[in-house]
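Look over the sequence and the structure below.

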Amino acid sequence: MTIEDRLHNWSWYVTRWLPDGAPEQPVCKSAEKNYVPELGALYEDDDSKLEPDAIDGEKVELAMKELPPQLKAIIKATYISNAYCTSYSIANYLRISHNRYQTDLANAKKRLSSILSRLDREKTL
C-alpha cells in the first residue's frame, strides 16, 4: 500500500468511522421541508457499503500525532478539509505559495512514511 493509499484510507476512516471524527456534513434540504425525491437517493455513493481498513487508519492516526503542526495542517487540508479542491485552492486556503505547498506536502508524506515504517517495525518486534 502506498502512502497515498494509506492517507486516503485514513481520511475515510477519520471522517466516517471515528466517533470523534470530522463534523457532520451539511445536508441540503428543500425550502418546503417536505420534498421527497421520486427517484430515491440519487447521490448515494457505493462507498457507504464499504469499510475502510480501520487498523491501518489507526496506525496513520498515531503517526500523524508525531508530525509537526505545520505538516499536520498540510495533510489535514489536503485529505480532509479540502479533499476535492485543486492544489492551488488548498495553497490559497493555507495562505502559502503553490510551490511551498507542494514542497511541504512532499516533505509531510516522506516524514509520515518514515514514521509509519518505524511503527510497523516496532509492532513486528
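The report goes from the overall fold to single residues.

## Overall fold

This is a predicted model. The protein has five helices and zero strands. Along the sequence the pattern reads α-α-α-α-α.

The chain has 125 residues, and 27% of them count as buried. Among contacts with a separation of 6 or more, 75% come from residues 24 or more positions apart.

## Helix H1 against helix H2

Helix H1 spans residues 3–16, and helix H2 spans residues 54–64. Their axes come within 8 Å and cross at roughly 95 degrees. An angle of 65 to 115 degrees counts as roughly perpendicular, so H1 is roughly perpendicular to H2.

On the H1 side, the contact is made by Arg 6, Leu 7, Asn 9, Trp 10, Tyr 13 and Val 14. H2 brings Ala 54, Asp 56, Gly 57, Glu 58, Lys 59, Val 60, Glu 61 and Met 64. By type, the residues of this contact divide into seven nonpolar, two polar and five charged.

## The nonpolar core

In soluble globular proteins, nonpolar side chains tend to be buried together. Here the largest nonpolar core holds 23 residues. Which of them touch the most other members? They are Trp 10, Ile 75 and Leu 112.

H1, H2, helix H3 (69–81), helix H4 (87–94) and helix H5 (98–124) each supply at least two residues of this core. H5 gives the most, with seven residues. Leu 112 touches Ile 3, Leu 7, Val 60, Ala 63, Met 64, Leu 67 and Ile 75, with residues up to four places away in sequence not counted. Two of these names return from the H1–H2 contact: Leu 7 on H1 and Val 60 on H2 are among its residues.

## Two asparagines

Asn 9 is found in helix H1. Is Asn 9 buried or exposed? Its relative accessibility is 8%, so Asn 9 counts as buried; the cut-off is under 20%. Leaving aside neighbours within four places in sequence, Asn 9 is in contact with Pro 52, Asp 53, Asp 56 and Gly 57. Asp 56 and Gly 57 are also listed on the H2 side of the H1–H2 contact.

Asn 82 lies in the loop between H3 and H4. Its relative accessibility is 12%, so Asn 82 counts as buried. With neighbours within four places in sequence left aside, Asn 82 is in contact with Ala 77, Ile 90 and Tyr 93.

Arg 95 is found in the loop between H4 and H5. At 76% relative accessibility, Arg 95 counts as exposed.

Ser 113 is found in helix H5. At 34% relative accessibility, Ser 113 counts as partly exposed. How far is Ser 113 from Arg 6 in sequence and in space? The two are 107 residues apart in sequence and 9.5 Å apart in space, C-alpha to C-alpha. Arg 6 is one of the H1 residues in the contact with H2.

Key:
Residues are numbered from 1 along each chain as its sequence is written. This is a predicted model: local features need pLDDT of at least 70, side-chain atom pairs count only at pLDDT 80 or more; totals for chains, interfaces and linings use all residues. Side-chain values use heavy atoms; hydrogens and water are left out. Helices (H or I, at least four residues) and strands (E, at least two) are DSSP runs, numbered from the N terminus. Buried means under 20% relative accessible area, exposed over 50%, partly exposed in between (1.4 Å probe, protein chains only). Contact means heavy atoms within 4.5 Å. Axes are lines fitted to C-alpha atoms, for helices over the stretch in contact, and angles run from 0 to 180 degrees between N-to-C directions. Angles under 35 degrees count as roughly parallel, over 145 as roughly antiparallel, 65 to 115 as roughly perpendicular and the rest as oblique. Ala, Val, Leu, Ile, Met, Phe, Trp, Tyr, Cys and Pro count as nonpolar, Asp, Glu, Lys and Arg as charged, and the others, Gly among them, as polar. A nonpolar core is a set of buried Ala, Val, Leu, Ile, Met, Phe, Trp, Tyr and Cys residues joined through side-chain atoms within 4.5 Å.
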